[in-house]
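Dear colleague,

I am handing over the structure we spoke about, and it is placed directly below. My notes on it follow, and I would be glad if you read them beside the coordinates.

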Amino acid sequence: EDADGDSDVRRPKRRKVSIQIPHAMATEIIDVGLQVWAGALLLADFLVDAAGKPEESGGLPRGPHGKLAGLELGGGTGFVSIAAVKLGALDSCYCTDVGESVLSNCRDAVALNRLSSCSVPVRELDWAAPLVADPRAHGGGDRLPDGAGDCLPDEWGWTAHDDARFRDDVTVLLAADTIYLDDATTAFLECAQRLLAAPGPRRVLYLALEKRINFSMDDLDIVAPAYDHFVAEVARRPALSAERLPTTFPQVFAYSRTPELELWRITPA
């Protein structure tokens with residue numbers, strides 16, 4: 001009690017964390033990974049809220065060894081992966097993308113935030129050809145590719161150690177702002193489906209997206225073609241189970257949380 005006899009409520013102290021991300025304000029579409037988009041901020045808010053919670057109360061699923069390990073698809077600047085680890089939502093998170101400029105920028109962001117390359121490894125992962133058949137896997141299956149892609153230095157390549165970490169520990173897949181071109185959306189979902197089904201622990205994908213709306217002169221109506229393609233692609237994949245999650249969790253980062261920003265949870269059916 002305080003001096004007046006009232007109950008003295010002790011509130012936990014908030015820890016102030018600085019996250020620094022080198023990024024561009026505008027790019028050509030080939031380099032969209034150099035920008036920070038609103039979906040990434042929504043997903044980071046969700047991860048902050050999930051940190052420390054048990055899975056049954058909205059927390060993230062742990063691996064069989066008790067670890068919280070993730071892999072981000074289309075990580076771009078690395079903001080989500082870095083925020084997830086730095087704010088305690090995950091112990092480690094692979095940040096994956098394609099392109100020398102994007103991968104180098106992400107690597108620089110990891111170093112700028114004083115995180116090790118073990119806690120946020122930066123790797124190349126092409127959605128169009130993300131996995132290779134693995135005859136060693138029990139019952140068959142896929143594994144992450146050996147080496148790097150064409151014209152990229154070996155530092156972005158997957159190692160046998162990475163493959164083992166993915167199989168043994170990774171339970172959380174993350175993606176933000178990956179729904180914008182139909183072909184890319186189809187490749188993304190194909191990649192996600194194969195990663196979710198790969199041998200190892202049960203995995204879940206959390207996807208944040210922005211429903212981009214425009215006026216169609218052909219339809220004389222407001223449409224969201226990229227979003228509609230995503231919904232149709234998910235519906236035609238019986239191996240996937242998808243649900244929209246509420247976005248009423250607290251907002252930590254500064255952005256406009258519009259109704260068009262959505263969070264989805266995708267698991268194997």
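How many bridges join strand S6 to S7, and do the two run parallel or antiparallel? Five bridges join S6 (residues 170–176) to S7, and the two strands run parallel. Between them the chain passes through helix H5 (residues 182–197), and this β-α-β crossover from S6 to S7 is right-handed. Please keep in mind throughout that this is a predicted model.

The strands around S6 and S7 are the part I would look at to begin with. On one side of the pairing, strand S1 (residues 69–73) is joined to S6 by five bridges, again in a parallel arrangement. Alanine 175 of S6 is the bridge partner of leucine 73, and alanine 175 also has leucine 207 in S7 as a bridge partner. S7 is in turn joined to strand S11 (residues 261–268) by six bridges, but here the strands run antiparallel, with glutamate 210 standing opposite leucine 261 in S11. As for burial, seven of the seven residues of S6 are buried, so this strand is largely enclosed by the rest of the structure. S7 (residues 204–210) is mostly covered as well, with six of its seven residues buried.

Helix H3 (residues 100–112) was checked for its length. With 13 residues at 1.5 Å a residue, H3 should span 18 Å, and the distance between its end C-alpha atoms is 18 Å, which agrees. The buried residues of H3 are Val102, Leu103, Ser104, Asn105, Cys106, Ala109 and Val110, and what covers them includes helix H2 (79–86), strand S2 (92–97) and strand S3 (122–124). Just after H3, arginine 114 takes a positive phi of about 55°.

The cysteines deserve a careful reading. A search of the whole structure finds zero disulfides. The closest cysteine sulfur to that of cysteine 106 belongs to cysteine 95 and lies 3.3 Å away, which is too far for a bond, because a disulfide requires the two sulfur atoms to be within 2.5 Å. Cysteine 106 is buried, with a relative accessible area of 1%, and cysteine 191 is also buried, at 0%.

Finally, a word on confidence. The protein chain averages a pLDDT of 84, and 77% of the residues score at least 70. Within the chain, confidence is highest in S11, at a mean of 98, and lowest in strand S4 (residues 132–133), at 48. Over residues 133–140 the pLDDT is below 50, and this stretch has 13 contacts in the model beyond near neighbours in sequence. For residues 147–153 the pLDDT likewise stays under 50, and the model has 13 contacts for them beyond four places in sequence. Where pLDDT is low, the predicted coordinates should not be read in detail.

With best regards

Definitions and conventions:
Residues numbered from 1 in each chain as written. Predicted model: local features only at pLDDT ≥ 70, side-chain atom pairs only at ≥ 80, totals over all residues. Heavy atoms only, no water. Buried < 20%, exposed > 50% of the residue type's maximum accessible area, 1.4 Å probe, protein only. Helix = DSSP H or I, 4+ residues; strand = E, 2+ residues; numbered from the N terminus. Pairing = 2+ DSSP bridges. Right-handed = clockwise from strand over helix to strand, strands pointing away. pLDDT = per-residue confidence, 0-100. Contact = heavy atoms within 4.5 Å. Expected span 1.5 Å × (residues − 1).
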